[in-house]
Amino acid sequence: MRETPLSNCERLFLLRAIAEKKRLDGRQTYDYRNIKISFGVDYGCCIVELGKTRVLGQVSAEMVAPKMNRPTEGILYFNLELSSMASPGFEAGRQSDLLVKLNRLLERCLRNSKCIDTESLCVAAGEKVWQIRVDLHLLNHEGNIIDAASIAAIVALSHFRRPDVSIQGDDVTVYTPEERDPVPLCIHHMPICVSFSFFQQGTFLLVDPSEREERVMDGLLVIAMNKHREICTIQTSGGIMLLKDQILRCSKIASVKVAEITELIMKALENDQKARKEGGKFGFAESIPDQRITALKMERAPVDTSDVEEKAGEILTLAEPPLETAFTPVLRTPGTAQIGEGLESSWRDLDESEEEEDDEGGHDNSTIKGNLDMEMDVMAVEKPVELIVLSESEEEEVVVLEPEGAGHKSRSVPQSKHQDNFITQKKTNKKKQKKPTH
């Protein structure tokens, strides 16, 4: 995944700010970002933070056979890894041009400068020597990787302790830390890289460029120097032409910065060694500040409660007095009650209205039924209607015989058997209920 390129507006804004001797993070031209060094529980493990750029350094030792051309010298190996966790522009497992350049610069700065006595790493000449491996992992990229990596490498080497060994004839015995105290490495000096970025063909100069400043710079100058003002290596990139006065000015600035960083490293190593001897707390977990969420610890702030009663009285006097209204419970039904002037339930009214409707409906039905009974009685007095069943077929004709004087003719109605039986039963029941009176 490629990095997101800067827009023209951002590029012009950065260049104009640099021309006015201003930086986005508020630093001056020759200012370094804050450097923080923290050590792990094991020897040789550290994290260096240069602003927001973080590098993890880990040193390990292994006993191997020496090289043929140098049988009495140990082996130093440096490996820097740029993972996609640090920046989306880095691809894991791929040797980019930037990674190759950084690894070569570290080897020239630390191994070729003879900062570590490699002859002290020899166990048996021509047979066994110590191979010291320095692994550097970039955790977050915010510019100036080489400076943070060089500081992390020299700090990890200074903090590392190799196991002690003894030789009896051809037998080599390696002791554990419980049996014998580990032995520190023999370090002659501490080379540290200082980066300078140039803008507008060397017109403007910045120390410790950030990630955005590196995108708009024209060239880069890296000077590796120790506190004795000895230049270990120097490298330029970007294809710009630098004058002799510019390089001399950068070397003077680098000597001041290297002295300050070396003093900071020595102080951090001394504090860690003191904490380990006194049995205090040490490690990455103890370096986390209390203000972070993972610490779950906050400083207690004192609270003054001497004038709480006076303030409470003032608040009560300023507040409006409560309404003096007495609420009495209203008993609706057994087991329920209501307090206050609330709205009454409408269920009671609905029940009463429904009962009234039922009563009215029942009265109407009884009236209609009484009228019908009276009509049937009159018809029964005149002459009862008789139904004659002619056949038992599915469909049959029912002949209704009426008196001739009534002026009605006999009619035949086709009905089914079921309907005929139903009508016959209904008429019979009515005759049984009310008999005609003569």
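Modeller: Happy to. This is a predicted model, where local features need pLDDT of at least 70, side-chain atom pairs count only at pLDDT 80 or more, and totals for chains, interfaces and linings use all residues. Residues are numbered from 1 along each chain as its sequence is written, and side-chain values use heavy atoms, with hydrogens and water left out.

Biologist: How many helices and strands does the chain have?

Modeller: Helices (H or I, at least four residues) and strands (E, at least two) are DSSP runs, numbered from the N terminus. By that count, the secondary structure comes to eight helices and 19 strands.

Biologist: Which element gives the most residues to the lining of the second largest pocket?

Modeller: On a 1 Å grid over the protein atoms alone, a pocket is an open set of points where a 1.4 Å probe fits, with protein on both sides within 12 Å along at least five of seven lines; lining residues have an atom within 4 Å of a point. Here 24 residues line the second largest pocket, and Leu98, Lys101, His141, Glu214 and Met217 lie nearest its centre. Elements giving two or more residues to this lining include helix H3 (145–159) and strand S13 (219–225). The top contributor, with four residues, is H2.

Biologist: Is Asp208 buried or exposed?

Modeller: Asp208 sits in the loop between strand S12 (204–207) and H4, and has a positive phi of about 55 degrees although it is not a glycine. Buried means under 20% relative accessible area and exposed over 50%, with partly exposed in between (1.4 Å probe, protein chains only). At a relative accessible area of 0%, Asp208 is buried.

Biologist: And what is the relative accessible area of Arg229?

Modeller: Arg229 is in the loop between S13 and S14, and its phi is near 65 degrees, a positive value in a residue other than glycine. Arg229 is exposed, with a relative accessible area of 58%.

Biologist: Which side chain of opposite charge is nearest to Arg162?

Modeller: Arg162 lies in strand S7 (residues 161–162) and touches Ser120, Leu121, Trp130, Pro182, Val183 and Leu185, not counting residues up to four places away in sequence (contact means heavy atoms within 4.5 Å). Lys and Arg count as positive and Asp and Glu as negative, while His and the chain ends are not counted. A salt bridge needs a side-chain nitrogen of Lys or Arg within 4 Å of a carboxyl oxygen of Asp or Glu. Arg162 is buried yet has no salt bridge, and the nearest side chain of opposite charge, 5.0 Å away, is Asp164.
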